[in-house]
Amino acid sequence: MITGLVQIRRLGEHKRGENERFRRHLKTYRYVERRLRQIAEEIEAQVDCLACANCCRVATARLLPRDVERLARHFRLSVEKFKREFTEESEEEGLILRRDPVRGCVFLSGNECSVYDVRPAACVDFPHLVRGSGSIPSRMWQFIDRACYCPIVYNTLEAWKEETGFSPAPR
Ligand code: SF4
Ligand code: SF4
């Protein structure tokens with residue numbers, strides 16, 4: 001299991017082409033979705049997210065209206081005031097939690113989430129391997145980027161390749 005973030009970044013970038021081929025492979029291979037999720041679950045259980053927190057630094061946290069309402073209530077703020085203080089608009093994703101390009105999410109404190117119990121659904125489900133709607137192949141495009149910064153995703157893709165008999169060499 002590889003968990004070093006520098007190594008994950010290097011390997012994830014190096015394997016972008018291979019992971020794109022794996023994405024196509026999954027579309028044709030007859031796999032059991034439950035088995036792939038089970039593999040992801042086993043890997044998730046072995047990785048200590050508190051020692052990592054990389055997603056909170058690197059990725060954006062998309063907000064649903066119910067996330068905003070819950071967080072605003074938590075801070076005893078009106079929805080409008082919460083949005084002004086803690087959110088921003090992203091062209092691609094809509095409303096997201098405010099973030100600093102270096103420190104990451106506004107609610108990240110050290111390696112811990114300061115709003116853990118009321119964090120957005122997107123954070124609860126992250127990295128969307130075990131918990132996530134839609135079939136695994138339909139979400140594979142997200143995993144290629146995430147394999148460059150999330151040890152759970154990187155190691156899961158490698159385990160899925162083995163499980164499905166994927167050959168890394170281009171044909
Ligand atoms: S809300 Fe918490 S879990 Fe979500 S990105 Fe921010 S620090 Fe991470
Ligand atoms: S979900 Fe991935 S990137 Fe986020 S803390 Fe856990 S291992 Fe790190």
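## Two domains

The protein splits into domain 1 (5-55 + 135-161) and domain 2 (60-125), with bounds that come from an automatic or database domain assignment. Their C-alpha centres lie 25 Å apart.

This is a predicted model, in which local features need pLDDT of at least 70 and side-chain atom pairs count only at pLDDT 80 or more, while totals for chains, interfaces and linings use all residues. Residues are numbered from 1 along each chain as its sequence is written, ligands are numbered from 1 in the order in which they are written, and side-chain values use heavy atoms, leaving out hydrogens and water.

## Helix α5

Let's look at helix α5 (residues 65-74), where Asp 67, Val 68, Leu 71 and Ala 72 are buried (under 20% relative accessible area, with a 1.4 Å probe and protein chains only). Seen down the axis of α5, these buried residues fall within an arc of 125°, so they line one face of the helix; the arc is that of the directions from the helix axis to the C-beta atoms. On the other side of α5, Pro 65, Arg 66 and Arg 73 are exposed (over 50%).

What covers the buried residues? The cover includes α6 (79-86), β2 and α7 (121-125), where contact means heavy atoms within 4.5 Å. Just after α5, Arg 76 takes a positive phi of about 55°.

## A hairpin

Strands β1 (residues 87-90) and β2 (residues 94-97) pair in the antiparallel sense over 4 bridges; pairing requires that DSSP finds at least two bridges between two strands. The two form a hairpin with 3 residues between them. Glu 88 has Ile 96 in β2 as its bridge partner.
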